[in-house]
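Subject: Structure handover

Hello,

Here is the structure I said I would pass on to you. Please open it first, then read the notes under it.

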Amino acid sequence: MTVSIEGEKVILVPYMKEHVAKYHVWMQDPAILEATASEPLTLDQEYEMQISWVQDPLKHTFIILDKELVIGDFIHGESHNEAMVGDVNIFMNDPEDPELAEVEIMIAEHKSRGKGLAKESVTLMMAFAVQKFGIHIFQAKVGESNEASLSLFHKLGFKEISHSKIFKEITLELPVTEAKSKELHQLIGYAVMHS
């Protein structure tokens, strides 16, 4: 994937090896590990993971840049680590439903939380997935104690479809109606695509 998507507040850029060291630092934070249901990896494992993510056609990851933190002009293909604040992903892992994707969001930098970056990032990612991959249903799996993420997905129109008491996880879903599809296509039309 060699596209960047520029919205009003964020720029979504491909996950590059230049991002791995900072991403690795984020993933040492116990609160982030818990919120993302992740296990800590070594730096070498993180580099291997970045390569596998780039090569897997069923996963798409963008690093989120906070436009307020970009130094100078944005240049597609450069990492802009100074503005790196999180990531947004989609997984198309259901072989029985190729039009379904799971979406994940993480804003790791505290200074960039509460500014609407997560909402815009998820919306841009969904618009990209609808346009590029024909996705018609989005799901999000969120830890039951992650109130910020639950609130975000509810605001985006996701509805709870299941609650795993064992995994302490809530699954939310958003079908892409014709009206929602038009709205997302308009949004991606307003976004600036860099390639």
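**Helix H3 and its surroundings**

The buried residues of helix H3 pack against helix H1 (20-26), strand E3 (59-66) and strand E4 (84-91). Please keep in mind that this is a predicted model. Which residues of H3 are the buried ones? They are Glu-46, Gln-50 and Trp-53. Seen down the axis of H3, these buried residues fall within an arc of 70°, so they line one face of the helix. On the other side of H3, the exposed residues are Asp-44, Glu-48 and Gln-55.

H3 itself runs over residues 43-55, which makes 13 residues. From its first C-alpha to its last it reaches 19 Å, close to the 18 Å expected at 1.5 Å a residue.

One further residue of H3 can be looked up while you are there. Met-49 has its place in this helix and is partly exposed, with a relative accessible area of 33%. If you want a distance to check in your viewer, take Met-49 and Ile-170: their C-alpha atoms are 26 Å apart in space, and the two residues are 121 residues apart in sequence.

Thr-36 lies in the loop between helix H2 (30-35) and H3. Is Thr-36 buried, partly exposed or exposed? At 26% relative accessibility, Thr-36 counts as partly exposed. Leaving aside residues up to four places away in sequence, Thr-36 touches Met-27 and Met-106. Gly-77 is 41 residues from Thr-36 along the chain, and 27 Å separates the C-alpha atoms of the two.

**The chain as a whole**

The chain contains 6 helices and 9 strands. Its radius of gyration is 16 Å, close to the 16 Å that the globule rule gives for 195 residues, so the chain is as compact as a globular protein of that length. The C-alpha trace spans about 40 × 40 × 30 Å along its principal axes.

How much of the chain counts as buried? The figure is 46% of the 195 residues. The accessible surface of the chain comes to about 10,300 Å², and carbon and sulfur atoms account for 54% of that area. As for contacts, take those in the chain with a separation of 6 or more: 65% of them are between residues 24 or more positions apart.

**Salt bridges**

How many salt bridges does the structure hold? There are 7. I describe some of them here.

Glu-6 forms a salt bridge with Lys-67, and the closest N and O atoms of this pair are 3.0 Å apart. Glu-6 lies in strand E1 (residues 4-6) and Lys-67 in the loop between E3 and E4, so the pair ties together parts that are 61 residues apart in sequence. The relative accessible area of Glu-6 is 17%, which makes this residue buried. Lys-67 is partly exposed, at 29%.

Asp-66 forms a salt bridge with Lys-115, with 2.7 Å between the closest N and O atoms. Why does this pair tie together parts that are apart in sequence? Asp-66 lies in strand E3, whereas Lys-115 lies in the loop between strand E5 (100-107) and helix H4 (117-133), so the parts tied together are 49 residues apart. Asp-66 counts as buried, at 1% relative accessibility, while Lys-115 counts as partly exposed, at 26%.

Lys-115 also forms a salt bridge with Glu-68, where the closest N and O atoms are 3.1 Å apart. This pair links distant parts of the chain, with Lys-115 in the loop between E5 and H4 and Glu-68 in the loop between E3 and E4, 47 residues apart. Glu-68 counts as exposed, at 65% relative accessibility. Taken together, Asp-66, Glu-68 and Lys-115 are linked in a network of salt bridges.

**Where to start**

For a first look, I would pick out the buried face of H3, with Glu-46, Gln-50 and Trp-53, and then turn to the network formed by Asp-66, Glu-68 and Lys-115.

Regards

Note on methods:
Residues numbered from 1 in each chain as written. Predicted model: local features only at pLDDT ≥ 70, side-chain atom pairs only at ≥ 80, totals over all residues. Heavy atoms only, no water. Helix = DSSP H or I, 4+ residues; strand = E, 2+ residues; numbered from the N terminus. Expected span 1.5 Å × (residues − 1). Buried < 20%, exposed > 50% of the residue type's maximum accessible area, 1.4 Å probe, protein only. Arc of directions from axis to C-beta. Contact = heavy atoms within 4.5 Å. Rg over C-alpha atoms; globule rule 2.2 N^0.38 Å. Areas by Shrake-Rupley, 256 points an atom, 1.4 Å probe, with all protein chains shown as cover. Salt bridge = Lys/Arg side-chain N within 4 Å of Asp/Glu carboxyl O.
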